[in-house]
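Hi,

Here is the structure I promised to pass on. My notes on it follow below.

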Amino acid sequence: MALSGLQIYKLLPQTNCKECGYPTCLAFAMKLAAKQAELANCPYVSEEAKEQLAAAAAPPVRLVAVEGKGHKVEVGNETVLFRHEKTFFHRPGLFVRVKDTTPVAEIKAAVSAAMGYAVEYVGMRLHFDGVAVEAASGDAATFKTAVAAVLEGTDRPLILMAADAGLLEAGLTAAEGTRPLLYAATKDNWEQVAALAKAKNVPLAVRAGSLDELAELTVKIKGLGVEDMVLDPGVRDAASTLVTLTQLRRQALKKTFRPLGFPIITFPGEGAADGLEETMLAAQHIAKYGGFIVLDRFSPASAYALLALRTNIYTNPQEPIKVQPGIYEINNPQPTSPLMVTTNFSITYFSVANEVDGSGLPGWLLVADAEGMSVLTAWAAGKFDAERIAKSVKSTGIESKIGHKKLIIPGHVSVLLGELEEALPGWEILVGPREAVDLPGFLKLWSA
Amino acid sequence: MTVELQVEKWAGSVLQVTLGATANEGGTRARTVTVGGETTLPFLHFEGQIPNPPRVAIEISAQYPGDWSPLLLKAWGDAVNDPAAWAQAAEKAGADLVLLQLNLTGDGGAPVTAADARAATRAVLQATGLPLLVFGPGQVDADNELLVAVAEEAVGERIVLGICEEKNYRTIVAAALAHGHLVNARTAMDVNLAKQLNILISDMGMPLDRILMDPTTAGLGYGIEYGYSVMERLRLAALQGDKMTQLPMLVTPGYEAWRQKECKVGEGVPASWGDWEERAVLWETITATALIESGADILVMRHPEAVRRVKAFIDRLMAK
């Protein structure tokens with residue numbers, strides 16, 4: 001946790017020299033605590049105080065990066081327990097595991113399926129983040145072959161999983177030119193594995209059976225000079241992962257307990273009997289504090305669900321995802337084509353635009369500035385009323401593009417009909433369906 | 001090294017609400033179902049009590065649900081034509097509760113009458129011993145007419161009448177008060193609106209332990225994060241002692257998931273969406289999973305496989 005103004009004041013010279021631009025050291029300390037001033041503005045602060053202040057300012061959950069040849073994934077640096085308190089910043093990395101005991105051709109097929117997968121969602125192209133390769137064989141040459149095979153199929157980051165430093169080093173050799181996560185240091189191998197992570201400057205996952213042991217290990221490993229760590233508290237089931245991951249996030253945020261201030265790696269497949277159960281556990285880890293989520297099974301349907309959930313949970317609650325207000329032309333509309341209006345909330349816009357597009361029917365979509373809210377929410381908040389809709393009709397110049405004066409409004413705001421007829425004299429207001437999915441059927445009946 | 005666990009001391013707790021009444025209590029239910037009572041956040045057993053698990057209500061329709069996805073119609077088979085048979089199938093599928101949804105119109109477009117609503121309620125009460133929830137079509141006049149009749153028909157059964165909204169709650173609450181029932185109070189994804197409606201309803205004399213609150217949710221991919229965060233804020237407020245937020249939460253992941261294209265249709269969608277049936281069941285299941293993590297006490301669901309999966313997951317989360 002950041003230091004309070006008074007705690008910072010104790011570290012300052014307390015001479016009130018005013019050279020920082022503030023009348024007293026206390027005033028300066030208060031500004032520092034509020035992150036409205038820079039420590040560098042104090043010419044007399046001691047080196048020791050600088051170090052202490054820098055340490056206190058370090059993020060409570062360390063930011064850890066892994067890199068492939070073409071992609072970088074950063075996790076950690078979270079500052080809240082609940083997304084409404086601010087936002088969650090770094091989406092958990094979704095990885096798919098392959099084992100080196102699997103024939104190379106099958107490994108390549110699995111990598112191609114999972115890494116080649118992408119899905120369009122509200123104008124974004126969503127995909128998984130990388131591959132975890134496990135040295136299940138226990139043989140260095142076999143592991144190297146598997147890592148090389150995976151890297152032929154993807155330029156995304158890897159997680160190298162093995163029981164000892166020798167195997168991990170073999171994997172690192174095969175993955176040269178990338179920055180993988182090593183998994184894992186344990187109470188039995190930590191000295192060798194940590195030395196390897198330090199020498200190669202790669203992040204290191206640390207696994208232990210209890211939080212006490214986990215904290216002991218990270219302190220020892222930090223002592224060897226490894227800063228980038230990831231935690232595996234060893235739990236796998238739904239109840240124990242929820243409790244333990246919550247506790248880890250609290251330790252980091254509420255107590256600034258540095259030994260546990262790292263992102264967390266989870267293996268939902270190890271706590272699940274089949275794909276659907278694994279997906280449910282992974283969903284829990286997305287909502288509640290997973291950093292790297294390593295899946296054992298891949299299917300497009302489950303990938304889509306998890307990627308959508310991750311996008312939703314990690315959307316900044318203070319900044320709804322919006323599209324630009326204005327006129328959107330779909331399927332090459334003519335002056336006789338229908339005119340529909342909706343809001344500029346991304347999910348709303350894409351639901352409507354996709355339906356019209358998919359129907360094959362031409363249409364003009366007028367997107368009103370509703371401050372990024374959905375139709376009902378915007379209406380309730382007074383951001384999608386007759387006045388705003390009329391304004392966007394007039395300001396966008398749509399009247400010069402169409403040869404009729406008919407406007408289709410969402411069924412959810414049918415109550416606006418009367419007011420809109422007043423606000424737009426000469427226009428005919430038509431009430432469309434409530435849900436976007438019913439638009440194609442509605443548009444088939446359209447005539448100008 | 002000993003890590004000192006970070007344990008929150010919460011000042012408040014969620015009220016316990018009991019649905020249904022057995023013969024001893026003036027009804028005919030085989031058992032009652034109690035929800036709520038949490039003294040901590042969802043499933044954090046080390047910190048407080050979770051006396052009752054989240055419960056699943058299976059939604060059945062009093063009239064043939066012509067607008068439902070073919071996947072749902074297939075899953076329930078012939079039962080969709082007969083609310084009594086459907087209620088029995090729901091019980092068999094593991095429902096803790098049955099939610100009977102009344103529509104505006106029935107076969108051939110004829111308006112559903114109070115007599116129809118009574119008959120469907122009676123048939124379902126006779127077909128299953130589970131506690132019942134009955135929701136109106138969502139249109140003010142129809143809701144008031146049908147739910148008053150339902151409340152009379154089910155007198156003493158402690159059913160839940162819904163949906164009370166700010167624009168229409170008085171008649172429904174009065175009917176629930178007169179006949180010993182509970183109500184479901186729905187608001188649009190806003191903590192203060194939820195509190196306000198709870199206050200309005202309790203001001204009519206309805207005890208708080210006969211109100212469920214429905215903060216409105218959205219399906220996965222369609223704004224689920226809004227409802228999710230409002231639920232987390234309501235639950236945190238409840239635990240911090242804010243009385244008007246201490247009601248158990250009812251949410252409708254079945255309706256929210258199945259009205260989206262991902263569930264509803266199997267053709268004309270991107271190949272990256274994967275297998276239709278797998279995706280549809282997943283969509284409802286994952287929507288429900290996210291909502292139990294944010295504090296849901298009653299999940300209203302539709303597909304029997306999604307129900308089975310979510311119930312099994314709740315069992316795992318309840319294991320200490």
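Helix H2 (residues 83-92) and helix H3 (residues 114-127) of chain B pack with their axes 8 Å apart, at an angle of about 35°. (Helices are DSSP runs of H or I, at least four residues, strands are runs of E, at least two, and both are numbered from the N terminus; axes are lines fitted to C-alpha atoms, for helices over the stretch in contact, and angles run from 0 to 180 degrees between N-to-C directions.) H2(B) brings Pro83(B), Ala84(B), Ala87(B) and Gln88(B) to the contact, while H3(B) brings Ala120(B), Ala123(B), Val124(B), Gln126(B) and Ala127(B). Contact here is C-beta atoms, placed from the backbone, within 7 Å.

Before you read on: this is a predicted model, where local features need pLDDT of at least 70, side-chain atom pairs count only at pLDDT 80 or more, and totals for chains, interfaces and linings use all residues. Residues are numbered from 1 along each chain as its sequence is written, with chains lettered from A and ligands numbered from 1 in the order in which they are written.

Now the chain pair: 43 residues of chain B are in contact with 50 residues of chain A. On the chain B side, H10(B) gives the largest share, nine residues.

Over in chain A, strand S3 (residues 93-99) has two partners to look at. It runs parallel to strand S12 (residues 292-295), joined by four bridges, and Val96(A) has Leu295(A) as its bridge partner there. S3(A) also pairs in the parallel sense with strand S6 (residues 130-134) over five bridges, where Lys99(A) stands opposite Glu134(A). Strands count as paired if DSSP finds at least two bridges between them.

Cheers

Conventions. Contact = placed C-beta atoms within 7 Å.
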